[in-house]
Amino acid sequence: MIAGDVYKMESHSVSNIVQRGGTILKSARSKEFMTPEGRKKAYDNLQALEIEGLIAIGGNGTFTGAMIFGNEYGIPTVGAPGTIDNDLYGTDYTIGFDTAVNTALDAIDRIRDTASSHDRIFFIEVMGRDSGYIAIQSGIAGGAELVMVPEVLTPISQVVETLKQGWSRSKSSSIIIVAEGDEEGSAQEVADKIKVQVDENADIRVTTLGHTQRGGTPSAYDRILASRLGLGALEGLIAGQKNVMAGIINNELVYTPFEDTIRLPKPINEDLLRMVKILSV
Ligand code: F6P
């Protein structure tokens with residue numbers, strides 16, 4: 001919008017992309033849009049192009065920008081939630097989350113082969129700067145011994161305790177999932193703190209999955225979710241919705257004001273953390 005880099009899309013513009021990760025639009029975080037001058041440029045371009053409504057795809061940052069822009073210039077905008085973090089209030093799941101979880105799970109399964117073959121402890125770091133959704137879901141599905149998330153403090157003493165309990169039951173390998181935003185630090189930092197507290201023969205390794213979780217072929221679930229939310233955003237806009245995000249809650253399409261999606265927390269289900277403990281016994 002700021003660069004006036006606009007082209008008309010027809011239905012065939014999206015042929016052959018359903019199986020691709022990333023974005024053909026190449027939209028991304030924009031520092032300039034955070035400034036009043038940048039938004040003014042965007043507005044002038046939209047006016048010149050006679051564009052009367054917007055669909056914004058993204059997470060917290062995107063909807064913050066869309067809300068400010070909507071308040072300043074009154075252009076109706078409807079959002080579609082796209083972030084692997086699944087940290088947006090107003091939808092059960094965000095586009096990309098399921099794929100990211102499955103990618104992380106695939107890696108955890110492979111790492112488990114080394115962990116169990118060589119009796120090792122693996123600390124695996126998954127994405128989630130402020131959110132433990134990927135960690136908890138991939139951790140449960142991957143049979144992790146412990147999952148460390150930003151929302152709930154897991155002290156180092158608890159990690160040590162979990163490992164010791166495992167050894168006392170003759171467990172020879174362990175997998176601990178660390179969300180990148182965990183309070184105890186990165187997976188490497190957690191592993192370093194653990195090393196000095198456990199048996200010096202413990203064979204500890206660290207793997208950071210990083211951006212491997214962001215790309216790749218979307219899962220069937222994500223393709224269907226993206227189709228439903230894309231259509232929901234478009235039909236909402238046509239029907240007069242504005243400054244809201246389309247989401248799916250309990251399998252129903254709902255619209256939630258941007259303000260709420262940004263402001264309200266989406267807590268992880270702490271019962272799931274409890275379940276990890278029970279299942280890892
Ligand atoms: O916001 C989504 C997210 O995937 C976070 O989990 C992660 O911290 C961040 O993006 C990585 O961003 P970048 O690609 O800019 O390093």
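The model is a predicted one, so local features need pLDDT of at least 70 and side-chain atom pairs count only at pLDDT 80 or more, while totals for chains, interfaces and linings use all residues. Residues are numbered from 1 along each chain as its sequence is written, and side-chain values use heavy atoms, with hydrogens and water left out.

Start with the helices, which are DSSP runs of H or I with at least four residues, numbered from the N terminus. Two packed helices are described by the angle between their axes and the distance between the axes. Axes here are lines fitted to C-alpha atoms over the stretch in contact, with angles running from 0 to 180 degrees between N-to-C directions. For α3 (residues 97-117) and α4 (residues 133-141), the axes come within 9 Å and cross at roughly 45°. That angle makes α3 oblique to α4; angles under 35 degrees count as roughly parallel, over 145 as roughly antiparallel, 65 to 115 as roughly perpendicular and the rest as oblique. The crossing of α3 and α4 is right-handed, meaning that the near helix is turned clockwise from the far one by less than a right angle. On the α3 side, the contact (heavy atoms within 4.5 Å) involves F97, A100, V101, A104, L105 and I108, and α4 brings in Y133, I134, Q137, S138 and A141. Sorted by class, that gives nine nonpolar, two polar and no charged residues. Ala, Val, Leu, Ile, Met, Phe, Trp, Tyr, Cys and Pro count as nonpolar, Asp, Glu, Lys and Arg as charged, and the others, Gly among them, as polar.

Next up are α5 (residues 156-168) and α6 (residues 187-195), with axes that come within 10 Å and cross at roughly 65°. This makes α5 roughly perpendicular to α6, and their crossing is right-handed. I156, V159, V160 and L163 of α5 meet V190, K193 and I194 of α6, a set with six nonpolar, no polar and one charged residues.

Oxygen atoms of the ligand lie 2.8 Å from a polar side-chain atom of R29, 2.7 Å from one of D85 and 2.5 Å from a side-chain N or O atom of E180.

Finally, D260 sits in helix α8 (residues 258-263). The side chains of D260 and R263 are joined by a polar contact of 2.9 Å; such a contact is a pair of N or O atoms within 3.5 Å, and within protein one must be able to donate a hydrogen and the other to accept it, while residues adjacent in sequence count only if both atoms are side-chain atoms.

Methods
Helix = DSSP H or I, 4+ residues; strand = E, 2+ residues; numbered from the N terminus.
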